[in-house]
Amino acid sequence: MRRRRTANKEVILDPKFNSKIVAKFINMVMLKGKKSLAEKMVYGAFEIIKKNLNEQDILNIFYKALDNARPRLEVKPRRVGGATYQVPVEVRQERGTSIALRWIRDFAKSKKGRPMKEKLADEIVAAYKGEGSAIKKRDDTHKMAEANKAFAHFRW
């Protein structure tokens, strides 16, 4: 029997794009249950991106940015004997998308001095172009997994 339960909570599609991933991103950006404010931030960021890149299909840009920021490998600590090894494991698609969304949100939040929709737009565009903090974090995660490849046989 599994120790951890999986959360199978169904996400309601967002009203503007009918996309589960955009709805998930809005829920991640939301603070203290203020969903309408989070929607304004995310949709405002999408409008800024649309204006800056002169692109009509904002969803393709958003999905490409997520795919660029999504980690393929990560390390998990595994205790063997008295030592703890960092064991590289592959990341499932759903978890990778969730991690990428979290990284984009957190790095946008950490910037100072501008409205959140502008910071979100900057972070999404940077991930779309293959640069920025989320991409650097993904590369660091991949380097760590590559460095600990010798411990891959401890995978469970």
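Reader: What covers the buried residues of H5?
Author: In this predicted model, the cover over the buried residues of H5 includes helices H1 (20-29), H2 (35-53), H3 (58-69), H4 (93-110) and H6 (133-147).

Reader: And which residues of H5 are buried?
Author: They are Met116, Lys119, Leu120, Ala121, Glu123, Ile124, Val125, Ala126 and Ala127.

Reader: How many residues does H5 have, and how far does it reach?
Author: H5 spans residues 116-129, which is 14 residues. From its first C-alpha to its last it reaches 20 Å, close to the 20 Å expected at 1.5 Å a residue.

Reader: What follows H5?
Author: Gly130 follows H5, and its phi is positive, near 85°.

Reader: Turning to H1 and H4, at what angle do they pack?
Author: The angle is about 45°, and the axes of H1 and H4 are 10 Å apart. H1 is therefore oblique to H4. The crossing of H1 past H4 is right-handed.

Reader: Which residues make that contact?
Author: H1 contributes Ile21, Lys24, Phe25, Met28 and Val29. From H4 come Glu94, Thr97, Ser98, Leu101, Arg102, Ile104 and Arg105. By class, the contact of H1 with H4 has six nonpolar, two polar and four charged residues.

Reader: Where does Ser19 lie, and is Ser19 buried or exposed?
Author: Ser19 lies in the segment before H1. Ser19 is buried, because its relative accessible area is 4%, under the 20% cut-off.

Reader: What is Ser19 in contact with, leaving aside its neighbours within four places in sequence?
Author: Ser19 is then in contact with Leu13, Asp14 and Tyr63.

How values were computed
Residues numbered from 1 in each chain as written. Predicted model: local features only at pLDDT ≥ 70, side-chain atom pairs only at ≥ 80, totals over all residues. Heavy atoms only, no water. Helix = DSSP H or I, 4+ residues; strand = E, 2+ residues; numbered from the N terminus. Expected span 1.5 Å × (residues − 1). Buried < 20%, exposed > 50% of the residue type's maximum accessible area, 1.4 Å probe, protein only. Contact = heavy atoms within 4.5 Å. Axes fitted to C-alpha atoms, helices over the stretch in contact; angles between N-to-C directions. Parallel < 35°, antiparallel > 145°, perpendicular 65-115°, else oblique. Left-handed = near helix turned anticlockwise from the far one by under 90°. Nonpolar A, V, L, I, M, F, W, Y, C, P; charged D, E, K, R; others polar.
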